[in-house]
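Reader: I would like a close look at one residue and at what lies around it in the model. Please keep the answer plain and give the cut-offs with the terms.

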Amino acid sequence: MFRSLKAQIYMFAFAPFLLVAAVGVFMQIKTLDTINQQVSKISEDTIIEVEKRRLVTVIDSSLSIIKPYLDMPGKEGMEDALALLYNYRFDNDIGYLFAYDGEGNRIMSGSGVGVGGNFIDSKDKLGNFIVRNILTAAKSGEGFTTYYFPKKGETEPSAKYSYSLWIDKWNVAIATGFFIDGTEDMLSNIDNSLKEAEQSSLTRNLLVIFGLAVFVAIVVFFSVRLMLTALVSLRDAVEDLADGEGDLTATLP
């Protein structure tokens, strides 16, 4: 009887604690996952926005370089300006500039590829007009376009952001861009840091829960022990009374 009672007391003492602890851990995991997803999305959007702003800075910088040629009458300084921009490099010599005239002819490219060709009807793998959209964005002042284009030395197209600026007196759009997957390393580092923080937080909480469980176990153990000791004494006293051997003047526990 007392063994069964003891088990029931332990069950009623520990069951609510374990249930609350399990629910708490589950809710924390779900909350941390949600926060991590939101932070990852915010980080991705922020990095993309920073990179886009950087493209604007690159184009602005290139314009400042060729300003003396822009101040020349007509198209007099255009060839010299394009020759100067051909050698413009950024991002450890990976980033470069390119230019198209209003008819879609590639008149300059830091990659050295396709100069002289007409690409007005070129499309990416999704069917988007690449050069037409670049020219439209440049003329409208919006500047930004997104398309798929192979990296240098590769054949598989990758997603790319481009920023272009229209120079009306030359009938030319000067542009540059960056591949979106170039931001993956930064995003991967952020995700890894978030996962490490999540694991660290869970580990700390589990240690706290374990410590509380040990404390509760000790308290319950001694409480149950005192309770059962009193009950055993009461049982013995009742049995003695039943046998006619009890002391009616004795104080029951």
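What is the relative accessibility of Ala83, and how is the residue counted on that value, as buried, partly exposed or exposed?

Author: Ala83 has a relative accessibility of 44% and counts as partly exposed. The class is set by relative accessible area: buried is under 20%, exposed is over 50%, and partly exposed lies in between, with a 1.4 Å probe and protein chains only. The model is predicted, so local features need pLDDT of at least 70 and side-chain atom pairs count only at pLDDT 80 or more, while totals for chains, interfaces and linings use all residues. Residues are numbered from 1 along each chain as its sequence is written, and side-chain values use heavy atoms, with hydrogens and water left out.

Ala83 sits in helix H3, residues 78–86. Helices (H or I, at least four residues) and strands (E, at least two) are DSSP runs numbered from the N terminus. In space, the C-alpha of Ala83 is 9.7 Å from that of Ser109, although 26 residues separate the two in sequence. For context, the chain has five helices and seven strands, and read from the N terminus their order is α-α-α-β-β-β-β-α-β-β-β-α. Of the 253 residues in the chain, 32% are buried.

A pocket here is an open set of points on a 1 Å grid where a 1.4 Å probe fits, with protein on both sides within 12 Å along at least five of seven lines, and lining residues have an atom within 4 Å of a point. The second largest pocket holds about 310 Å³ of space and has 20 lining residues. Tyr96, Arg106, Ser111, Phe149 and Pro150 lie nearest the centre of this pocket. By class, its lining is made up of 11 nonpolar, four polar and five charged residues.

Side chains of opposite charge can pair when their charged atoms come close. The partners are Asp121 and Arg132, whose closest N and O atoms are 2.5 Å apart. Because Asp121 lies in the loop between S4 and H4 while Arg132 is in helix H4, the pair ties together parts that are 11 residues apart in sequence. Arg132 is partly exposed at 35% relative accessibility.

The structure holds five salt bridges. One of the others joins Lys67 and Asp71, with closest N and O atoms 3.1 Å apart; Lys67 is partly exposed, with a relative accessible area of 46%, whereas Asp71 is exposed at 55%. Another pairs Glu49 with Arg53, and there the closest N and O atoms are 3.5 Å apart. Both of these residues lie in helix H1 (residues 2–65), four residues apart, about one turn of the helix. Glu49 is partly exposed at 37%, and Arg53 is also partly exposed, at 43%.

Glu51, Arg54 and Asp91 form a network of salt bridges. Asp91 has a backbone feature as well: a positive phi of about 55°, although the residue is not a glycine. Most residues other than glycine have a negative phi. Asp91 lies in the loop between strand S1 (89–90) and strand S2 (95–96), and its relative accessible area of 34% makes it partly exposed.

Asn171 likewise has a positive phi of about 55° without being a glycine. This residue is placed in the loop between strand S6 (157–167) and strand S7 (172–179). At 25% relative accessibility, Asn171 counts as partly exposed. Its C-alpha is 8.9 Å from that of Glu103, across 68 residues of sequence.

Key:
Points joined across faces, edges and corners; volume = space filled by probe spheres on them. Nonpolar A, V, L, I, M, F, W, Y, C, P; charged D, E, K, R; others polar. Salt bridge = Lys/Arg side-chain N within 4 Å of Asp/Glu carboxyl O.
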